[in-house]
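This briefing covers charged pairs and aromatic contacts. Keep the sequence and the 3D view open while reading.

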Amino acid sequence: MNNPNLIPIYAEIFLVVATSAILLVDMFLSESKRGITYVLSLLALVGCAWFTFVDFQAGTTTYTFYNMVVSDPMGNLLKLFTYLTVGVTFVYARQYTTERGMLGGSLGGEFYVLALFSMLGQMVMIAANNFLSIYLGLELMSLATYALVALRRDHTMSTEAAMKYFVLGALASGFLLYGMSMLYGATGTLDLSAMAAKIASGTVTPTILVFGLVFVVAGLAFKLGAVPFHMWVPDVYQGSPTGVTLLLGAAPKLATFAICIRLLVEGLLPLALDWQQMLMILAVLSLAIGNLTAIAQTNLKRMLAYSTIAQMGFVLLGLMAGVTGQDQSNASAAYSAAMYYSITYVLTTLGTFGLIMVLSRAGHEAEELVDFKGLSKRSPWFALVMTLLMFSLAGVPPMMGFAAKLAVLQTVLHTGQLWLTIFAVMASLIAAFYYLRVVKTMWFDEPTDTARISVAADKNIVLGLNALLVVVLGIVPGPLLDACLHAMKTTLQS
C-alpha cells in the first residue's frame, strides 16, 4: 500500500504541532506574560499561510489519503482568508478578552488555543473529499466553538448561549450525519466523487437519495444560520463574548460554504434539481425573515445576527443559480459569486464586531444601539469606519458589499428567474433601513456616553486597513472576483 502524500496537508500538520506547543508554553506563563501566547498564535497563522500559499501558487488539484483529502485552488483560497480572518479576530479581541478575565487567572490562553483548534476543524472541512473527513472537521470545529462560547463561566448569558448552541448544534450534526448515513446506504460509498458517479449511473433508489439529501441540506442550513434553522444565531451572537461572536460569525461561514460545494456540487450534482429548489426556499425565507426581524432589534449584536441570516440568503441564491435544468454554463460564475459574497461578508463582519470591541471597556459592553449615539462627536474616525461598513452591508456603491450583491444577482438573473432577482433587491432595500439607522444614530444623535475611547495602535491600524479593504475591493472588485472564478473553474474541472 502506497504511503499517503503529506504535502497537501503540511499546513494542518504544522497547525496541530504549533497549537499543541502553544498550549504547553502557555501553562508556564504568568498573567503578565500572556502576550507571548498572542504572538505565538499569530506566528502559527503566518506559518499555515506560508504552506497554503505555496500550494495555491502551484494551482494544481491533489488528492491524498486515499481520496479523503483534496487540495485545490478553491480550498486554498478559502484557507488563506480563514487565516486572515482568525488573525484579525485575535488583534481585535486581545484587549477585550484580557479586560474580561478570559486570558487571566485559571483560564490562561485557552481562547487562542481553542480558536486555533476550531480553525483546524475548518481547514479539514475545506479540504474534505469524503463524508468521514467532512464530519471529522465539522465536529472538531464545533466542539472548540462550544467551549469558546462558554469561556466566561461566571457570566449567565454566556453559559445560557453555550447550552443553546450545544444542544441545537448536536441536533444539526445529527441531521447531517443521518443524511450522510442514508446516502452511504444508498450508494455504498463515502467518497464524494464515487458517489456522484454512482448516482449519475441511475442504479440508486431515488427515494432514499432524496430523504438523505433533505437531512444533509438541513444540517448545512443550520451551520449557515439559514431560516428555518436560524433559531440559535441571535441568542448565541448576543450571549457570547464579542470576540467569540466574531470567531463564530466569520471564518466558519467560509468552511461551511466549502462543504456546501463539496457535498452538493461535487458529490450530489446529479440531484441538483432537488437541492436547488430547497436552497431557493431557504434563501427566500432567510432574506424575508432575517431582514424584517432585524428592524425590530435595538441590540447591535442581535441586529447583526439577523443581518447574517439575511446575508446567507444571498450566498444560497448564488449556490442555487449554479445549476438550472441541463444548463451548467452559469455554474462557475454562480458558485464563484457565492464564494466572493462569503468572503466579502466575512471581511465586513470583522470590522463591525471589531468596532463593537473597540468601543467596549471593562464593565461595559457597547452592543446597544444607544451606545453608538453621537459617536461622530466622540471619535469621527470610528464613526467613519462604521459608516463604511454599514454601507457595505447594505450594498451601497462603491462599497464591497455592492459588488458582491451585484455579482450574485447577475447569476440569478441569468437563470431567467426575474421574480427572484426583484425579491432579493426589495429585501436589500428593507435591510438598508436598519443599517442606515446605525449611521443616523452615530452622526445625528447626541452622545449619551462621554467616556474616552482608548485603542491600542495595532488594533487601530488593522481597523483602518479593514475599512480601506472594504472600499478598495468595492471600487476594484476585479482581482478578487477573478481569483474566485479561476479557483472555482479549476476545482470544478478537476
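How many residues apart are R262 and E266 in helix α11? They are 4 residues apart, which means a separation of about one helical turn within helix α11 (residues 251-267). The model shown is predicted. It holds 9 salt bridges and 15 aromatic pairs.

**Salt bridge within a helix**

- The side chains of R262 and E266 meet in a salt bridge, at 3.1 Å from N to O.
- Both partners, R262 and E266, are buried.

**Salt bridge between helices**

- D235 and R302 also form a salt bridge, and their closest N and O atoms lie 3.0 Å apart.

- K440 pairs with D445 in a salt bridge, with the closest N and O atoms 3.2 Å apart.
- K440 is partly exposed, at 42% relative accessible area.
- D445 is buried, at 15% relative accessibility.
- Shared partners join salt bridges into one network of E160, K164, D235 and R302.

**Aromatic pairs**

- A pair of aromatic rings is described by the distance of the centres and the angle of the planes.
- F111 and Y112 form an edge-to-face pair, 5.5 Å from centre to centre with 75° between the planes.
- Both F111 and Y112 are buried.
- The ring centres of Y146 and F166 are 5.3 Å apart and the planes meet at 85°, so this pair is edge-to-face.
- Y146 belongs to helix α5 (residues 131-149) and F166 to helix α6 (residues 156-187), so the pair ties together parts that are 20 residues apart in sequence.
- Y146 is buried, at 9% relative accessibility.
- F166 is partly exposed, with a relative accessible area of 44%.

**Aromatic cluster and a charge over a ring**

- Y146 and F166 are among the members of one aromatic cluster, together with Y165, F222 and W232.
- K405 lies over the face of F314, at 5.1 Å from the ring centre.

How values were computed
Residues numbered from 1 in each chain as written. Predicted model: local features only at pLDDT ≥ 70, side-chain atom pairs only at ≥ 80, totals over all residues. Heavy atoms only, no water. Salt bridge = Lys/Arg side-chain N within 4 Å of Asp/Glu carboxyl O. Helix = DSSP H or I, 4+ residues; strand = E, 2+ residues; numbered from the N terminus. Buried < 20%, exposed > 50% of the residue type's maximum accessible area, 1.4 Å probe, protein only. Phe/Tyr/Trp six-rings, centres within 6.5 Å; stacked < 30°, edge-to-face > 60°. Lys NZ or Arg CZ within 6 Å of the ring centre and 35° of its normal.
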